[in-house]
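Trainee: I should like to learn how to read a structural model feature by feature. May we begin with burial and then turn to helices, strands and loops?

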Amino acid sequence: MRPWLAAVLALLSVAGWGVRASLASPVLLTIYAYDSFAAPGGLGPEIIPKFEKKCGCQVRLLASGDGSQLISRLALDAERGKSGAQIVIGLDGPAAQRARGYIDSSVGGSGREELAPEVKAAGLPAGFVPYDFGYFAFMADRDQLKRQNLKLPARFSDLLRPEWRRNLILEDPRTSTPGLAFALYADTLGADWSKLRAQWLTLAPGWDGAYGLFLKAEAPLVWSYTTSQAYHQEHGDRSGRYQAVIFEEGQPIQVEAAALVKNSFNGPEGARQRALAQSFLEFLLSKEVQALLPTRNWMYPARKGVALPASFEGVPKPARVIRLEADPEKIKASLNQWTRTVQ
Amino acid sequence: MSLTSGFRWVATIWTLFFGAVCVGAPVSALFSRLHGGTLFDPDILSLVRVTVTQAGASAMIAAVIGLPLGLLIAAGGAAAGARSARAFFFNEMLLAIPFSVPTAVAASSWVLILGRNGWLARLGIPLDWSYSLKAVITAHVFFNAPWIALWVAQARDRIPEGRFEAALTLGASAFSRFRFLEWPAVKWSFFAAATQAFSFCVMSFALVLILGGGPPVQTLETAVYSRLRFGTLDVGGAAACAAWELLVTLLPWAAVLFFQARDPGRGARPARERARGVGSFGARSWLPGVAFFAAAVFLLPYLAIFPASWRSIDIVPWSKEVLPAVAVSVKIAVTSAFFVVLTALAAVMSLSSPRLHPAVTTALASLASLSGGISALVLGLGFWLAFGRWVDPFEGSFAAIVAIQLALFFNVAFRIFWPLAQEPRRNLLEAAATLGADPARAFFEIEWPRWRSSVAGAFALVAAASIGEVAAVSLFYSEKLVPLPLLIVRWSAQYRFEAAQSASALLFVLSSGTVASVFISFHWRGARD
């Protein structure tokens, strides 16, 4: 065989292999997720293989700290004009409002039939598909309360009493989603920050830091979720040492959602990617995934009628649900006011 | 071109490349977002005041403790007679270990000690210092006093025995021995270490966030954190905080180098040899024991983490999750330490060119300290802004983590090597050349013996600090690149606090073990030689 002919045949076979390879390779879907979703033991590693099997596609999770850092990631992507993912998962109400500009608003919505009434009423912006929800609340350590001869507060305003001075662990509203929720909750209830600032022992940078201090018995109350009680019961707290505190004024709700990232479906596989991304959002609302949420995310499933584990049965539900301010400008003003008062 | 000048050219090119890629480009990208108005925002100016106060108080207390502690350690080594080398080495090791303690371990330990349910409270000592500026300063002092003492002890250890004997023969008092023998020998090491301690305190962020208790205890670094971390992505505000941080850390460095260059006695550094003189502490038999306990005191708080970790040791998934994370941490630490040492050696080599005017050398040495004033958060964001178009750090970037750690720790290695480069054994090198030795052999026979322990020490310190570093890795990790500090953060977010505590203890063992093993191996080697 002539050398040039051999070279051409070799090139053609390589090109043919390349074409076959591209036809055979599954479509890649990339998801920006909060860290505990993507980490081993989180929801992601459990549901992603199931979805991959269903769709015949490949899914990659890119973890990025917490929900608020996801917005930074979307903003930086928008700045460089290149999105690194097609889906973002883990934005709550205020975060969703801030992220609206980076989200494809043509899909999703919280008005779907199968959603729980609390979720439907959350009023997420267009484009967001809610998948779980929970109520922010103080968790109490009854052993500490007993030691300090304290009774559970019944109202938010009880927290201003002298016996609660330096007895609360909160999160910094500038660096933590639960911290921001507390600040907005306090504003909604008309709390006086100049009085409240004497009551907290510390403002931890995030929920994990605050809860870690609470478990070291640094203070009897920590700002967390009502479902933290279910976690403790599931992990051997038979005596009911850790208990969620429900206030007469009501508790704020947090609804977490996923969405498609704007301008992320480019290239020859864009249409297929978009269809797959939409089916992933549907998959999040499937009974199969929703049943896993209580013991993976320690949140309530967004879909109604999903059976809850026994540990959730004793978790108190608030009589009144408080919806927090979600307007980014108003939140900014509120935070500025908070900063001026507490500094 | 001679071999030496060839090496110097390569070293200069490498240093410039490092400066441009790891510091220049990220800082320029970030500062291009800086607006003059933001720079003088009253909120930011108030943060500058709080930062300088906090770092100034921390560094000053650490310096006041570190200077006598360093002299005591050196005196303890000198007074121990035949056991002097062993005692001095061991105390040096104890002083070096706190530098490597991961901030997560330090914060957790201090909560266990100072917290409301901590050891002191349970012992009935009503020291309500937790979550306040006092807690932050205490933690910073325990970090930095041993660091300053280490530098002072090493400088004091270089004073030849004969000088002390002469002083004693002439009837010099303890104060006179300190004033005329010890102070001139240690002062520039002391000022350099105190300046470095000030920089560490300015850029400290995990300790301030966890132990400070929130506003009003906040600094420029925590402000950068809140501006970048929480969705609003206030790059302009973060850049303004970073600019102030850079200025605040760079000015003391420039001042130290400026005055050092004008000190007529700065060049008169004798070659390193074991000091046996009695110095200002005198020759007392109890000195070695006291020196050991004084050095060990600064490690004690971190041991608080072990009893709490031991209880949950059986619930940690060691082989499935911890070992892979340890492997990633070690890989990052070894690579970062290698490049830090290489780059600092290259910088020292290029800056010690005899062709450079002393003023230019001083200016460039000040500039070399620039990276020491930039935090990982600032570098990380700058790196993203500068290179985000070409590389996607969100997919995990080992190179980006190493590049940021290189910039973070370069200053530590540079400060260790710079004094050695100031005192080359030119006469011996020239004699070797006259006798026909090639430059490489002359270097390894004459210079390397006095460099190798510093190179190994710098490598160990950087590797140990890198093992516990979490800011750079949290910006550029991926699911295949999760080091141990990040695993601890992740577990905490999943309610796995007890397992996180045990993994923190392992992190402490790894980082302190790195420093200890290098010190021990060099001690054995020294004893064998």
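Mentor: We start with a cut-off: a residue counts as buried if 20 or more other C-beta atoms lie within 10 Å of its own. Please keep in mind that this is a predicted model.

Trainee: How many of the 24 residues of helix 7 of chain B are buried?

Mentor: In helix 7 of chain B, 22 of the 24 residues are buried, so this helix is largely enclosed by the rest of the structure.

Trainee: What span should the 24 residues of helix 7 of chain B have?

Mentor: At 1.5 Å a residue, helix 7 of chain B, residues 133–156, should span 34 Å. The C-alpha atoms at its ends are 33 Å apart, which agrees with that expectation.

Trainee: Where does helix 7 of chain B bend?

Mentor: The bend is at Val141(B) and comes to about 25 degrees.

Trainee: How is the packing of two helices described?

Mentor: The description uses the angle between the two axes and the distance between them. Helix 7 of chain B packs with helix 9 of chain B, residues 174–203, at an angle of about 155 degrees, and their axes are 8 Å apart. Angles over 145 degrees count as roughly antiparallel, and helix 7 and helix 9 of chain B are therefore roughly antiparallel to each other. Their crossing is right-handed.

Trainee: At what angle do the axes of helix 15 and helix 18 of chain B cross?

Mentor: The axes of helix 15 (residues 318–351) and helix 18 (residues 398–421) of chain B cross at roughly 45 degrees and come within 7 Å. That angle makes helix 15 of chain B oblique to helix 18 of chain B. Here, too, the helices pass in a right-handed crossing.

Trainee: Let us turn to chain A. What does its secondary structure come to?

Mentor: Chain A has 15 helices and eleven strands. Its C-alpha trace spans about 95 × 45 × 40 Å along the principal axes. Of the 343 residues in chain A, 48% are buried.

Trainee: How should I read strand pairing, and with which strands does strand 4 of chain A pair?

Mentor: One reads the number of bridges and the relative direction of the two strands. Strand 4 of chain A, residues 128–141, is mostly covered, with 13 of its 14 residues buried. Seven bridges join strand 4 to strand 9 of chain A, residues 251–260, and the two run antiparallel. Strand 4 of chain A also runs antiparallel to strand 10 of chain A, to which two bridges join it. Phe133(A) has Val255(A) as its bridge partner in strand 9 of chain A, and Phe133(A) also stands opposite Tyr300(A) in strand 10 of chain A.

Five antiparallel bridges pair strand 4 with strand 7 of chain A, residues 221–225, where Phe136(A) stands opposite Tyr225(A). Four bridges, again antiparallel, pair strand 4 with strand 8 of chain A, residues 242–245. In strand 8 of chain A, Val245(A) is the bridge partner of Phe138(A).

Trainee: Do strand 5 and strand 6 of chain A run parallel or antiparallel?

Mentor: Strand 5 (residues 168–171) and strand 6 of chain A run parallel and are joined by four bridges. One of the pairings is that of Leu170(A) with Leu203(A) in strand 6 of chain A. Strand 6 of chain A, residues 200–204, is mostly covered, as five of its five residues are buried.

Trainee: Which peptide bond is cis?

Mentor: The bond from Pro215(B) to Pro216(B) is cis, with omega near 10 degrees. Pro216(B) is in the loop between helix 10 (206–211) and helix 11 (220–229) of chain B.

Notes: Residues numbered from 1 in each chain as written. Chains lettered and ligands numbered in written order. Predicted model: local features only at pLDDT ≥ 70, side-chain atom pairs only at ≥ 80, totals over all residues. Expected span 1.5 Å × (residues − 1). Bend = angle between axes of the 7 residues up to and from the residue. Buried ≥ 20, exposed ≤ 12 C-beta atoms within 10 Å, placed from the backbone. Pairing = 2+ DSSP bridges. Axes fitted to C-alpha atoms, helices over the stretch in contact; angles between N-to-C directions. Parallel < 35°, antiparallel > 145°, perpendicular 65-115°, else oblique. Left-handed = near helix turned anticlockwise from the far one by under 90°.
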